[in-house]
Amino acid sequence: MAVYQTHSEEETIALGQEVAKGLSGGGVVAMFGGLGMGKTAFVRGMARILAPEAAVTSPTFALVNEYGGDPPLYHFDMYRVGSWEDLYATGFFDYLEQRSVLAIEWSENIENAIPPGSLLVTFERLGETARRITITQKTEDEVL
């Protein structure tokens with residue numbers, strides 16, 4: 001487990017960049033935390049490394065944004081996913097089979113579908129712009 005504290009959006013972006021440097025195709029980054037916690041900023045940092053030309057926006061209405069890159073970066077928003085049927089409809093399981101990197105916001109809604117080996121990134125509000133960001137890895141036998 002690694003615990004970080006960021007004090008601005010730019011620091012959260014920088015942490016996303018550092019995490020992205022350790023990712024390869026097939027990587028999953030499952031993010032947990034409420035609205036306005038910095039999840040999209042974190043993905044913006046990931047994209048600076050994995051898909052530098054990407055214009056990162058929250059995929060709230062599209063459910064998934066494709067940013068390109070090598071490996072490709074896909075950005076999911078699972079806020080409105082409330083059932084296994086909804087999850088299947090997003091194409092999520094097809095994306096897991098590709099050698100891409102998946103960044104998933106609102107992972108609380110799909111906890112049981114997150115594969116072992118995924119990075120679990122939890123955002124906690126400490127102040128207006130300060131965040132505690134905890135990163136762990138889901139183990140083979142872990143049930144969330």
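These are my notebook entries on a predicted model of a protein chain.

**Entry 1: the overall picture**

I started with the inventory, and the protein chain comes to 4 helices and 7 strands. Reading from the N terminus, I wrote the elements down as β-α-β-α-β-β-α-α-β-β-β.

Next I looked up the dimensions. The C-alpha atoms fill a box of roughly 40 × 35 × 30 Å along the principal axes. For 144 residues, a compact globule would have a radius of gyration near 15 Å, and the protein chain has 14 Å, so the two agree.

I also checked cover and contacts. Of the 144 residues, 48% count as buried. The chain exposes about 7300 Å², and carbon and sulfur atoms supply 49% of that area. Among contacts with a separation of 6 or more, 60% come from residues 24 or more positions apart.

**Entry 2: the sheet**

In what order do the strands of the open sheet lie? I traced it as β1-β7-β6-β2-β5-β4-β3, with mixed pairing across 7 strands. The edges are β1 (2-6) and β3, each of which pairs on one side only. From one strand to the next, the twist averages 20°.

I then followed helix α1, residues 9-21. This helix lies across β1, β6 and β7 (131-137), and α1 runs at about 150° to β1.

**Entry 3: strand β2 and its neighbours**

On one side, 4 bridges join β2 to β6 (residues 119-125), and the two strands run parallel. Within that pairing I found Phe32 opposite Thr122 in β6. Strand β5, residues 101-105, also pairs with β2 in the parallel sense, this time over 3 bridges. Here Ala30 stands opposite Ile104.

How many residues of β2 are buried? I got 5 of its 5, so to speak a strand that is mostly covered. In a regular strand, side chains alternate between the two faces of the sheet. With that in mind I sorted β2 by side: Val28, Ala30 and Phe32 are on one, Val29 and Met31 are on the other, and all are buried. Both faces of β2 are therefore covered, given that buried means under 20% relative accessible area.

**Entry 4: the aromatic cluster**

I went on to the rings and counted 8 aromatic pairs. The pair of Tyr88 and Phe93 has its ring centres 4.6 Å apart and its planes at 35°, so I noted it as tilted. Phe93 also pairs with Phe92: those centres are 5.3 Å apart and the planes stand at 75°, so this pair is edge-to-face.

Phe93 counts as partly exposed at 22% relative accessibility. Phe92 is buried, because its relative accessibility is 0%.

I then joined up the ring pairs. They link Tyr74, Phe76, Trp84, Tyr88, Phe92, Phe93 and Tyr95 into a cluster.

**Entry 5: Ala51 and what it touches**

I picked Ala51, in the loop between α2 (39-50) and β3 (64-66). Ala51 counts as buried because its relative accessibility is 4%. Which residues does Ala51 touch, leaving aside those up to four places away in sequence? I found Tyr67, Gly68 and Gly69. For Gly69 I also took the C-alpha separation from Ala51: it is 4.4 Å, although the two residues are 18 residues apart along the chain.

Pro71 has its place in the loop between β3 and β4 (73-77).

The other detail is Trp106, in the loop between β5 and β6. I read a positive phi of about 60° for Trp106, although this residue is not a glycine. Trp106 is also buried, because its relative accessible area is 15% and the cut-off for buried is under 20%.

Definitions and conventions. Residues numbered from 1 in each chain as written. Predicted model: local features only at pLDDT ≥ 70, side-chain atom pairs only at ≥ 80, totals over all residues. Heavy atoms only, no water. Buried < 20%, exposed > 50% of the residue type's maximum accessible area, 1.4 Å probe, protein only. Contact = heavy atoms within 4.5 Å. Pairing = 2+ DSSP bridges. Axes fitted to C-alpha atoms, helices over the stretch in contact; angles between N-to-C directions. Rg over C-alpha atoms; globule rule 2.2 N^0.38 Å. Areas by Shrake-Rupley, 256 points an atom, 1.4 Å probe, with all protein chains shown as cover. Phe/Tyr/Trp six-rings, centres within 6.5 Å; stacked < 30°, edge-to-face > 60°.
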